[in-house]
Amino acid sequence: MGWAHPFPVSGGVRAGRRWTREQLESLPWTAAEPETVDAVVLTVSELLTNAHVHANSDAHLILTWDGDCLHVSVHDEDPTLPRQRDPQAGETSGRGVGIVRMLADGLQVKCQRHGKTVSACFRPAGAARPGDS
């Protein structure tokens with residue numbers, strides 16, 4: 001099961017958070033795991049912001065639920081890979097990758113012909129696992 005939506009540089013982050021919450025409502029585990037939903041929405045916010053600010057690009061958000069992991073993927077047009085920084089106190093940016101690494105169960109970055117895709121995986125505790133009866 002999956003959903004995809006483009007988000008433009010202008011106003012895309014807020015719309016992305018709202019759209020993500022709407023899509024997640026259809027998954028059976030989300031009502032019982034509001035903390036996971038909040039972590040997913042914060043991750044979407046960070047990844048869309050990075051695409052807009054650092055890549056100066058529109059972003060394409062894809063959510064995919066495979067029964068085990070909710071994959072949150074954001075594609076932008078800049079092939080430059082994100083890197084985790086260690087910002088100084090008072091700096092207003094530079095924490096996004098670190099935040100996503102702390103929230104997600106996995107993080108992957110793939111260079112592509114036209115840009116990159118950053119994907120985070122969330123494994124909710126209440127979701128049925130493959131092989132469960």
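1. A residue counts as buried when its relative accessible area is under 20%, as exposed when that area is over 50%, and as partly exposed in between. C111, at 48% relative accessibility, is therefore partly exposed. This value, like the others in this note, comes from a predicted model.

2. Five strands form an open sheet in the order β1-β2-β3-β5-β4, and their pairing is antiparallel. Strands β1 (2–7) and β4 lie at the edges, where each of them pairs on one side only, and from one strand to the next the twist averages 15°.

3. At one end of that order, β1 and β2 are joined in the antiparallel sense over six bridges, and G2 is found opposite T64 in β2. Helix α1 (residues 12–24) packs on the sheet, where β1, β2 and β3 are the strands that it touches, and the direction of α1 makes about 165° with that of β1.

4. Helix α2 lies across β1, β2, β3 and β5, and runs at about 10° to β3. In helix α3 (residues 96–103), the residues G96, V97, G98 and V100 are buried, and the buried residues of α3 pack against α2 (34–53), β4 (106–112) and β5.

5. How many disulfides does a search of the whole structure find? The search finds one, and this disulfide joins C69 to C121 with an S to S distance of 1.8 Å. Because C69 lies in the loop between β2 (59–65) and β3 (70–76) while C121 belongs to strand β5, the pair ties together parts that are 52 residues apart in sequence. C69 has a relative accessible area of 1% and is buried, and C121, at 10% relative accessibility, also counts as buried.

6. The side chain of K116 makes a polar contact of 2.9 Å with the side chain of D76.

7. When its neighbours within four places in sequence are left aside, K116 is in contact with A55, V74, H75, D76, D78, T80, L81, P82, K110 and C111. This list includes D76, the partner in the polar contact, and C111, which is itself partly exposed at 48% relative accessibility.

Terms used
Residues numbered from 1 in each chain as written. Predicted model: local features only at pLDDT ≥ 70, side-chain atom pairs only at ≥ 80, totals over all residues. Heavy atoms only, no water. Polar contact = N/O pair within 3.5 Å; in protein donor to acceptor, adjacent residues only side chain to side chain. Contact = heavy atoms within 4.5 Å. Buried < 20%, exposed > 50% of the residue type's maximum accessible area, 1.4 Å probe, protein only. Helix = DSSP H or I, 4+ residues; strand = E, 2+ residues; numbered from the N terminus. Disulfide = S-S within 2.5 Å. Pairing = 2+ DSSP bridges. Axes fitted to C-alpha atoms, helices over the stretch in contact; angles between N-to-C directions.
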